Amino acid sequence: MSTPLFRENAYLKSCDATVLEVTERGGVVLDQTVFYATGGGQPGDSGKFILDDGSEITIATAVYGEDKTQIVHVAAEGQTLPTAGSKVTAVLDWERRLKLMRVHTALHLLSVALPFPVTGGQIGEGDGRLDFDMGDAPLDKEAVAEKLNALAAGNHDITTEWITDAELDANPGLVKTMSVKPPRGSGKVRLVRIGGDVDLQPCGGTHVANTSEIGLLELGKSEKKGKQNRRVRIKLA
């Protein structure tokens, strides 16, 4: 089992770890990690391992193992992998991670600025998008951009809290995403709160600590996706 250190502190840039396993497909499992694994529309982290002898291994991405309890670090092609029991220092590509955190938090705010059910989404290094089930409702891009930037500039703290599966079942309105279900299985679900009452929803991703870190945002292309869905893109200005 890999301890996901990013879940409690998204600002950890590195950690010391022990290699638990090297998979048949060339993935490396650590006992603990700062690398976020691909999920919920957010791509896995990239970075490197530093070994005891000072050599380095480039990590292209991170994904979950089959039972979701292990985070598998996928090395770039041509790398010599460490052996089980080895000690490594896992180091994030922090510049990339921070952009992902800013975009992910901004998409939470977009779901506030456009209060429609979310049917899909994707987080990129400098941009992202959400798909909304908004039918033929008009989209005033200037008004949405103004509200979005006002929320980002509002100096709202981002915090996390936990509820039980049963508590989530009793409050289905917390789930905004129709296509991505909150991670379950441990008996509890992680909620991300923005400000006192700006936004609260289940999410396992990484976010900045305050909306002021997002910076100025721009709305990109908006397009219809089927009869109901409208895709709305944002980017870091």
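How many bridges link strand S10 and strand S15, and in which sense do the two strands pair? In this predicted model, S10, formed by residues 127-133, and S15, formed by residues 229-236, are joined by seven bridges and run in the antiparallel sense. Within this pairing, Phe132 has Arg230 of S15 as its bridge partner.

Strand S15 also pairs with strand S14, which covers residues 217-225, again in the antiparallel sense and over seven bridges. S14 and S15 together make up a hairpin in which three residues separate the strands, and Gly226, located in the turn, adopts a positive phi of about 85 degrees.

The strands concerned, S12 at residues 188-194 and S13 at residues 199-202, pair in the antiparallel sense over four bridges. One of the residues involved is Leu191, for which the bridge partner in S13 is Pro202.

These elements belong to a protein chain that has three helices and 15 strands. The radius of gyration of the chain is 19 Å, which agrees with the value near 18 Å that would apply to a compact globule of 237 residues. The C-alpha trace spans about 60 × 40 × 35 Å along its principal axes. Of the 237 residues, 46% count as buried, and the chain exposes about 11600 Å², of which carbon and sulfur atoms supply 50%. When contacts between residues at least 6 apart in sequence are considered, 63% of them join residues at least 24 apart. With regard to charge, the chain carries 27 positive and 32 negative side chains, and a distance of 6 Å separates the centres of the two sets.

Positive phi values also occur at residues other than glycine, among them Lys68, for which phi is near 70 degrees. Lys68 is placed in the loop that connects strand S6 (56-64) with strand S7 (71-75), and this residue counts as exposed because its relative accessibility, at 59%, lies over the 50% cut-off. Asn155, likewise not a glycine, has a positive phi of about 60 degrees. The loop that holds Asn155 runs between helix H2 (141-152) and strand S11 (158-164), and Asn155 is classed as exposed because its relative accessible area is 52%.

Several buried residues illustrate how segments separated in sequence are brought together. His104 belongs to helix H1, which comprises residues 94-113, and is buried because its relative accessible area, 6%, falls under the 20% cut-off. Apart from neighbours within four places in sequence, the residues in contact with His104 are Gln42, Ile123, Cys203, Gly205, Thr206 and His207. His104 and Gly124, which are 20 residues apart in sequence, have their C-alpha atoms 8.4 Å apart in space.

In helix H2, Asn149 counts as buried because its relative accessibility is 17%.

With residues up to four places away in sequence not counted, Thr211 touches Leu109, Leu151, Ala152, Gly154, Asn155, His156, Ile158 and Ile194. Thr211 and Ala150 are 61 residues apart in sequence, whereas their C-alpha atoms are 10.0 Å apart in space.

Conventions. Residues are numbered from 1 along each chain as its sequence is written. This is a predicted model: local features need pLDDT of at least 70, side-chain atom pairs count only at pLDDT 80 or more; totals for chains, interfaces and linings use all residues. Side-chain values use heavy atoms; hydrogens and water are left out. Two strands pair if DSSP finds at least two bridges between them. The radius of gyration is taken over C-alpha atoms; the globule rule is 2.2 Å times the number of residues to the power 0.38. Buried means under 20% relative accessible area, exposed over 50%, partly exposed in between (1.4 Å probe, protein chains only). Contact means heavy atoms within 4.5 Å. Accessible areas come from the Shrake-Rupley method with a 1.4 Å probe; for residues, only the protein chains shown count as cover. Lys and Arg count as positive and Asp and Glu as negative; His and the chain ends are not counted. The place of a charge is taken as NZ of Lys, CZ of Arg, CG of Asp or CD of Glu.
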